[in-house]
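Subject: Structure handover

Hello,

Here is the structure I promised to pass on. Please open it first, then read the notes below.

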Amino acid sequence: MRRLRHRGSGLSQITRGMGTLDAEIYDTIARSPSPLLDSTMPVLTHAADHSKLWMAIAAGLAVSGRPSLQRGAARGIASLAVTSLVTNQAAKRIRRRTRPHPGLIPDPRRGRRQPTSNSLPSGHSASAAAFAIGVAVENPPAGLVLSGLAALVGLSRVATGAHYPGDVVAGLSIGAAVATLGTRVVPPIARPSLSLADPTLVEAEPRPDGAGLVVVVNPASSDGRGRRVLGDIQTALPAAEIVELDDNDDVAAVFADVAARASIIGVAGGDGTVACAAGAAIDAELPLAVFPAGTFNHFARDIGCGTVQDTVHAIASGSVSKVDAVWLNDSRLILNTASIGAYPHFVRIRERLRRRISRPLATATAIIRVLREDANVRIEVDGQVLDVSLFLLGNSIYQPTGFLPTRRLRLDDGLLDVRILEMGHRWATLRLLGSLAAGRLERSRLYHEMQVPEFRFTAVDGPVAVSHDGEVEESYSNAHFRADYRRLKVYGPVRSRRI
């Protein structure tokens, strides 16, 4: 018993000693006469109130046009939101600590209002670290600058009398920890360590007015976005011919007719319409110009044509290169992804519901129904039977790794990106969540990820529906996917060799 009391006494002494040191550092900063601190610290700490500073920076990063900065802004805000919840609803309730007395702080430096909530930890510091580390994960140079700004925000909380230094250190630690754990759940996009050949360029005549371009437009795509894009194309490329689709058109026949008289096949619609246009372009050996007019525009965005202006500029400058396509059983062309299991089931439910309710409500309802129902399928791959919940096959390597692939840095690597999740095992969900939390998803026996030039599977229990480029059209008993290396000519900015 004496030994236990002695240990308790020692721990108490250490705690008191750290508290005394914390207070002495606070007093030293408070008593330091500094016109620079007096003029800058109140402004900085006020700017960080309610995360206004970080929201403004995130907005600037979002409109920068640089994908890594845009991803950093999104990750930073997400990290900040989680950190605020953890700090205010959990960390501040663990140990009560009163705020430091502001009497020692010079009047010009003192905050406008002294907070009355628990002092430990500093919420401003936690949010600052979470945002800075979140940005750094996607763009290290920007993150380094923001980390310095986050440190200054932490200093401002001490300099204005709102917190002790220990409160700031605790807040910075919490924010950094939350942002770091976030990378386990959603890995950052990292450039793959592949040595790829330079892009294959195609000599093309600049066409600033769009002469020789025939654009097939789906006016109803993305709830009317196609019609708005149509007007932009007519204004920017007055010599282009515009063909509008209606509900009764045979889309494949329309593109075949266009290919017979066009020098450039253009398309403005969703990914399914773009895939149909790509097939016609390959058959006619013509370049394809994609104008983003769908809901997600995955292919247009990944070839660098995220806006109508991007495509117009490529046509005007004659910027054409070759990208990969994927063939399913040598008959069905795929530009983005193919999947079986839960996703085709989701698409069918959503499209059926969209006839009666809005797209957002149909999407939410479809997600709930898929989660409640068993959408697993059994397939045989290389002689092994897999009980698959999620199967995703992409045209070229997607980033990041894991469950949430979002984009491709190059579309000309000649590879299929295959990701398979098995759920037909005991405690599969808990095992999966454990691997995800530990950052060891790639080593889980339930998750398979590979990059290959071709892939085959056989459905064990009869034909399975295959969704591709957002459409569900056919079911297959045997599926053979093959990468067609640099088969499709597209307009867009040429990607550099360094990826």
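Start with Ser51, which is buried, with a relative accessible area of 9%. That value is under the 20% cut-off, so Ser51 counts as buried. Ser51 sits in the loop between helix 2 (35-47) and helix 3. Its backbone deserves a look too. Phi of Ser51 is near 60°, a positive value in a residue other than glycine. Most residues other than glycine have a negative phi.

Please keep in mind that this is a predicted model.

Asp330 also has a positive phi, near 60°, and is not a glycine. Asp330 lies in the loop between strand 6 (320-328) and strand 7 (332-334). Is Asp330 buried or partly exposed? Asp330 is partly exposed, with a relative accessible area of 49%.

Now the whole chain. The secondary structure comes to 15 helices and 16 strands. The protein chain has 499 residues, and 46% of them count as buried. Take the contacts with a separation of 6 or more: residues 24 or more positions apart account for 75% of them.

Next, a helix pair. Helix 4 covers residues 67-89, and helix 7 covers residues 165-185. How do they pack? Their angle is about 125°, and their axes are 9 Å apart. The crossing of helix 4 and helix 7 is right-handed. From helix 4, the contact is made by Arg75, Ser79, Val82, Thr83, Val86 and Thr87. From helix 7 come Ile174, Gly175, Val178, Ala179, Gly182 and Thr183. By class, this contact has five nonpolar, six polar and one charged residues.

Stay with helix 4 for a moment. How does its length check out? Helix 4 has 23 residues, so at 1.5 Å a residue it should span 33 Å. The end C-alpha atoms of helix 4 are 33 Å apart, which agrees.

Which residues of helix 4 are buried? They are Ser68, Leu69, Arg71, Gly72, Ala73, Arg75, Gly76, Ser79, Leu80, Thr83 and Thr87. What covers these buried residues includes helix 3 (52-62), helix 5 (123-138), helix 6 (140-159) and helix 7.

Helix 6 brings us to a proline. Pro140 lies in helix 6. Pro140 is exposed, with a relative accessible area of 54%. The C-alpha atoms of Pro140 and Leu69 are separated by 9.7 Å. Along the chain, Pro140 and Leu69 are 71 residues apart.

Most peptide bonds are trans. A cis peptide bond joins Leu120 and Pro121, with omega about -5°. Pro121 is in the loop between helix 4 and helix 5. The peptide bond from Gln399 to Pro400 is cis as well, with omega near -10°. Pro400 has its place in the loop between strand 10 (384-395) and strand 11 (416-422).

That is the list. Over to you.

Best wishes

Methods. Residues are numbered from 1 along each chain as its sequence is written. This is a predicted model: local features need pLDDT of at least 70, side-chain atom pairs count only at pLDDT 80 or more; totals for chains, interfaces and linings use all residues. Side-chain values use heavy atoms; hydrogens and water are left out. Axes are lines fitted to C-alpha atoms, for helices over the stretch in contact, and angles run from 0 to 180 degrees between N-to-C directions. Helices (H or I, at least four residues) and strands (E, at least two) are DSSP runs, numbered from the N terminus. A crossing is left-handed if the near helix is turned anticlockwise from the far one by less than a right angle, and right-handed if clockwise. Contact means heavy atoms within 4.5 Å. Ala, Val, Leu, Ile, Met, Phe, Trp, Tyr, Cys and Pro count as nonpolar, Asp, Glu, Lys and Arg as charged, and the others, Gly among them, as polar. The expected span of a helix is 1.5 Å times one less than its number of residues. Buried means under 20% relative accessible area, exposed over 50%, partly exposed in between (1.4 Å probe, protein chains only).
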